[in-house]
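Let us take a walk through this structure together, one region at a time.

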Amino acid sequence: MTLAVHTEGLSRRFDGVTALDGLNLAVPTGSIFGFLGPNGAGKTTTIRLLLGLLEPSSGNAVVLGRDVRRESQAIREQVGVLLDSDGLYERLTARQNLDFFARVARLSKGERDARIRALLEEIDLWDRRDDPVADFSRGMKQKLALARAFLHRPSLLFLDEPTAGLDTPAAVGLRSELVSLAREEGVTVFLTTHNLLEAERVCDRVAVIRQGKLLAEGPPEAIRGGGKRKLEVTATGIRPALVARLMNTPEVIGADVDSEGRLILALADGAETAPLIRLMVETGVEVSEARIAEASLEETFLALVDEDLNGRSRVESASGEHPR
Ligand SMILES: Nc1ncnc2c1ncn2[C@@H]1O[C@H](COP(=O)(O)OP(=O)(O)O)[C@@H](O)[C@H]1O
Ligand SMILES: [Mg+2]
């Protein structure tokens, strides 16, 4: 497996703030990689470090085989970017915008015309090619900015919150254009988002970051436990000692108490739930409801973020080591 992006201990401090703290990341070539985290997590800082627009405070990063400190110019020439501003010229038409950026990228006249037509057709803006961008909706502008990022056939694309500020239909449209373009052209995509559904729908792999620290990394389904099932138990009389016992059974790989006071048990593959219910009943718990559900990425994400916030895991608190 080759890597499009590889970082080791990548860190960046601003005065008092540690924006990025020892990031170790490996982005496989050809993947759509989601960098997921709440506002202020360090996502934009990471992209700026990978583009060589910011100096790391410590650590290393290699992008397309090039060192970000020494070869950032070459990196910037080889990648496509869509950062917070779309960078389009409002008074120019869609076609004039793309033609301008294609000239900057030194494409020949023939290449420019063919490429621009193919991209505008792909994003359904060929019919609007001669309209000024000022007349476009935000969603159309963002699609055009996406086409611009693909223009010079980059092998790696950095997209910083590409659907931020779009309404739902526009965001859905942009996501589908992105996925089809990326697959068609075999481009590696490094995409930041604070939208969990977006990460789950679009990305092959996801890294979760908070306060500059990596919390988890892997395919979305692995992060939420490989599509793991969980048992949600509504009951009275659950004591920390029981939770600890449940955690020691082979069926249970994690335990938590949700906001409604339900006990949530993450189940091992193929685990039977009957022995767990029996154990609860035998220890005097009154079970009023027990149901099996799938853990969502959102729950896993919130659990990870919450765990980090409290400096301890909710599972520990449920098992009584840290009384709540
Ligand atoms: N140029 C800067 N000067 C000072 N602090 C910064 C600067 N850029 C980012 N930060 C801080 O670094 C942290 C991460 O910011 P950022 O990477 O923009 O987060 P995200 O993109 O995930 O929302 C924040 O606390 C932010 O205030
Ligand atoms: Mg940001």
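Is α1 mostly covered or mostly uncovered, and how many of its eight residues are buried? Before we look, note that this is a predicted model, in which local features need pLDDT of at least 70 and side-chain atom pairs count only at pLDDT 80 or more, while totals for chains, interfaces and linings use all residues. Residues are numbered from 1 along each chain as its sequence is written, and chains are lettered from A and ligands numbered from 1 in the order in which they are written.

Helix α1 turns out to be mostly covered, with six of its eight residues buried. A residue is buried if 20 or more other C-beta atoms lie within 10 Å of its own, exposed if 12 or fewer, and partly exposed in between, with C-beta atoms placed from the backbone. In α1 the buried residues are K43, T45, T46, I47, L49 and L50. After this helix comes G52, with a positive phi near 75 degrees.

Helices (H or I, at least four residues) and strands (E, at least two) are DSSP runs, numbered from the N terminus. Of the 324 residues, 37% count as buried.

Helix α1 also leads us to ligand 1. Around this ligand sit F14, V17, A19, G37, N39, G40, A41, G42, K43, T44 and T45, where being near means that a residue's C-beta atom, placed from the backbone, lies within 6 Å of the molecule. Both β2 (17-28) and α1 (43-50) supply at least two residues of this shell, and α1 gives the largest share, three residues. By class, the shell has four nonpolar, six polar and one charged residues. Here Ala, Val, Leu, Ile, Met, Phe, Trp, Tyr, Cys and Pro count as nonpolar, Asp, Glu, Lys and Arg as charged, and the others, Gly among them, as polar.

Now to a pair of helices. The axes of α5 (residues 138-150) and α6 (residues 168-185) come within 10 Å and cross at roughly 15 degrees. That makes α5 roughly parallel to α6, a label for angles under 35 degrees, whereas those over 145 count as roughly antiparallel, 65 to 115 as roughly perpendicular and the rest as oblique. Axes are lines fitted to C-alpha atoms, for helices over the stretch in contact, and angles run from 0 to 180 degrees between N-to-C directions. From α5, the contact is made by R138, G139, Q142, K143, L146 and F150, and from α6 by A170, G173, L174, E177, L178, L181 and E185; contact means C-beta atoms, placed from the backbone, within 7 Å. These residues divide into six nonpolar, three polar and four charged. Also in α6 is P169, which is exposed, with 9 other C-beta atoms within 10 Å.

Our last stop is V287 in strand β14 (residues 286-294). V287 is partly exposed, with 15 other C-beta atoms within 10 Å. Leaving aside neighbours within four places in sequence, V287 is in contact with V233, A235, I277, M280 and V281.

How values were computed: Two residues are in contact if their C-beta atoms, placed from the backbone, lie within 7 Å.
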